[in-house]
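Subject: Structure handover

Hello,

Please find the structure below. My notes on what was found in it follow.

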Amino acid sequence: MLGTMRIGAAVVALALTGSASAQLDPPSWTTPTPAFRIVGPIWYVGTQGLSVYLIKTRAGAILIDGTLADNVPAIRRNVEAAGVAMRDVKLLLNSHAHFDHAAGLAGLKAASGARLLAGAADKPALDSGIPPGEVSYGVIAFPAVRVDRAVRDGERVRLGEVTLTAHATPGHTPGNTSWSMRVVDAKVNGGRPLSVLFPGSLNVAGNRLVGNKRYPGIVADFRRSLARLAAMKADVVLPGHPEAADVIGRGARAAAGEKGAFLAPALMAQTTAAAAKAFEVELAKQEAAASPSSRP
């Protein structure tokens with residue numbers, strides 16, 4: 001079943017810029033990659049094609065997203081390689097309720113005992129394992145996982161000395177959530193505070209924009225979220241699909257000694273501009289297809 005899910009999910013997992021993967025079953029999604037430190041307490045513990053971020057604190061650790069169920073063993077190995085025991089993972093945060101970011105959450109939660117936090121509007125989807133909205137590729141279910149705390153726009157999540165802020169950025173899903181935090185790294189930016197953004201997905205990725213009965217406000221939500229994220233300042237951008245910010249490549253450059261390899265203050269504006277353009281193109285295409293004049 002998972003192979004079939006991956007074929008459909010190739011449509012889901014567009015890069016942040018909105019360009020589709022040329023492959024129907026991207027091998028990078030399940031290709032392990034070693035854990036590496038990004039900046040401050042943030043580590044990359046995902047695969048080559050799907051991001052999972054580990055944030056260390058004095059009170060335990062936080063994981064952002066769970067990717068595929070098949071990736072759980074590799075994620076666990078990376079967490080432990082980063083110096084964190086799974087039992088010390090206290091919080092799981094989800095960006096949105098699509099299987100390429102949520103299917104591994106149940107396994108990670110069982111392995112750690114962590115509490116799961118997610119956008120309030122995606123809670124029913126995570127609790128049931130049925131993704132929200134209507135899409136062109138059909139329903140791709142994932143293991144249901146209980147949400148312990150449904151977060152809303154502007155809520156802060158604290159663990160130890162780390163605070164993350166939830167930003168509601170609906171469109172890709174109703175509960176699509178971006179997370180932000182501040183970090184200080186003595187070796188980067190002269191030790192001055194850095195703003196870090198984990199943006200929720202901004203691409204259409206098969207979503208039905210016209211006549212979506214399960215999500216009638218999808219178009220307005222997309223436009224508001226794109227405008228909102230375009231205005232947000234971020235020194236470091238860490239998306240759910242690492243290629244959208246060259247996270248793996250930046251990690252290699254950092255390992256080679258490049259200071260500030262992850263600093264990209266113009267990246268969020270660039271990617272949201274591309275995503276907004278792609279959205280309007282797709283909307284026009286769907287509107288034309290739905291127009292009575294386009295029917296034979």
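Of the 296 residues of the protein chain, 54% count as buried, where buried means under 20% relative accessible area, exposed over 50% and partly exposed in between (1.4 Å probe, protein chains only). This is a predicted model, in which local features need pLDDT of at least 70 and side-chain atom pairs count only at pLDDT 80 or more, while totals for chains, interfaces and linings use all residues. Residues are numbered from 1 along each chain as its sequence is written, and side-chain values use heavy atoms, with hydrogens and water left out.

Overall form

The protein chain has eight helices and twelve strands; helices (H or I, at least four residues) and strands (E, at least two) are DSSP runs, numbered from the N terminus. Its radius of gyration is 18 Å, close to the 19 Å that the globule rule gives for 296 residues, so the chain is as compact as a globular protein of that length. The radius is taken over C-alpha atoms, and the rule is 2.2 Å times the number of residues to the power 0.38. The C-alpha trace spans about 65 × 40 × 35 Å along its principal axes.

Of the contacts with a separation of 6 or more, 63% are between residues 24 or more positions apart; contact means heavy atoms within 4.5 Å. The accessible surface comes to about 12200 Å², and 55% of it belongs to carbon and sulfur atoms (Shrake-Rupley method, 1.4 Å probe; for residues, only the protein chains shown count as cover).

β8 pairs with β9 (residues 162-168) in the antiparallel sense over four bridges. Valine 157 has leucine 164 in β9 as its bridge partner, and arginine 158 stands opposite threonine 163 in β9. The two strands form a hairpin with two residues between them, and glycine 160 in the turn has a positive phi of about 55°.

On to β10 (residues 177-183), which pairs with β9 in the antiparallel sense, again over four bridges. Here histidine 167 is opposite serine 178 in β10. β9 is mostly covered, with five of its seven residues buried.

Loop residues

Threonine 169 lies in the loop between β9 and β10 and is buried, at a relative accessible area of 1%. Leaving aside neighbours within four places in sequence, threonine 169 is in contact with Asn176, Thr177, Ser178, Gly200, Ser225 and Leu229.

The loop between β12 and α7 (247-255) holds histidine 241, which is buried with a relative accessible area of 4%. Aspartate 246 lies in the loop between β12 and α7 too, but is partly exposed at 38% relative accessible area.

Most residues other than glycine have a negative phi. Aspartate 246 has a positive phi, near 50°. Threonine 67 also has a positive phi near 50°; threonine 67 sits in the loop between β4 (60-64) and α2 (72-81) and is buried, with a relative accessible area of 1%.

Regards

Key
Two strands pair if DSSP finds at least two bridges between them.
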